Amino acid sequence: MPRTAKVARSEMSGVKGNRAIVWTIVIYAAMVLAFTVISLRSSPPASQTGVLRTLNAIPGHLVYLAGFGVVLGLVGSAIYRRLDLNLIILIPVLVVLTDLDHFPSALGMSQPVRPAHSLIFIIAVVATLALLTRRPDVEAATVSAFFAHLSVDTGVFSPFSPISFVYYNLSAYQPVMIVAAVVAALAAGYLGRRYDLERKKTPP
């Protein structure tokens, strides 16, 4: 087969295996931090009311976040029709990493509330993954992790940061967040299964 055809086929298949998971984790964490820094610069002082949880509450909250992520990984695996370790690892890791946007508070700095808990953030992340990994199953798992995190959190968030820092109560949207997380996990399982089937059909 001509080299150009092999390259084209490789580009269409996306980043394979564990590399896609590792790259997704790195990209997600980097973008959480980037959105946090941008929000620090763009938010008005009046909106910088974000605070860190008490230290004794953090471990329990992280366990709760990761546990829900594992459950969603299992939900996706049910559609996949086998235990998908990629989903079971990726979703809870991303659920926890979303809280990296609290790092200014951890350093004693004033910051807006949850700057990466933003719809603009998840749109930017998915667009970046679509360009760099070309793995729809991984993109769906990322969306599931994001909404899973929002469904567990309480208090307020700014859904359009870093453009707007108008705050909304998370509890009012919790049912929607849960449904979005579950639907995206199911989509991740389906797309992952289809991706693997297509790879098996493609000769090396």
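This is a predicted model: local features need pLDDT of at least 70, side-chain atom pairs count only at pLDDT 80 or more; totals for chains, interfaces and linings use all residues.
**Close-ups of an arginine and some aromatic rings**

Residues are numbered from 1 along each chain, and side-chain values use heavy atoms, with hydrogens and water left out.

**View A. Phe121 meets Phe146.** There are 5 aromatic pairs, meaning Phe, Tyr or Trp rings (six-membered ring for Trp) with centres within 6.5 Å; planes under 30 degrees apart are stacked, over 60 edge-to-face, the rest tilted. In this one, the ring centres of Phe121 and Phe146 are 6.1 Å apart with planes at 40°, so it's tilted. Phe121 sits in helix H6 and Phe146 in helix H7 (residues 136-152), so the pair ties together parts 25 residues apart in sequence. Helices are DSSP runs of H or I, at least four residues, numbered from the N terminus.

**View B. Phe146 and its partner Phe147.** Phe146 is buried too, at 0% relative accessible area. Its pairing with Phe147 is edge-to-face, 5.2 Å between centres and 80° between planes.

**View C. Arg114 in its loop.** Arg114 lies between helix H5 (103-106) and helix H6 (119-132), and is buried at 9%. Its side chain makes a 3.3 Å polar contact with that of Asp153 (N or O atoms within 3.5 Å, one able to donate a hydrogen and the other to accept it; sequence neighbours count only if both atoms are side-chain atoms). A polar atom of the Arg114 side chain also lies 2.6 Å from the backbone oxygen of Val156.

How values were computed
Helices (H or I, at least four residues) and strands (E, at least two) are DSSP runs, numbered from the N terminus. Buried means under 20% relative accessible area, exposed over 50%, partly exposed in between (1.4 Å probe, protein chains only).
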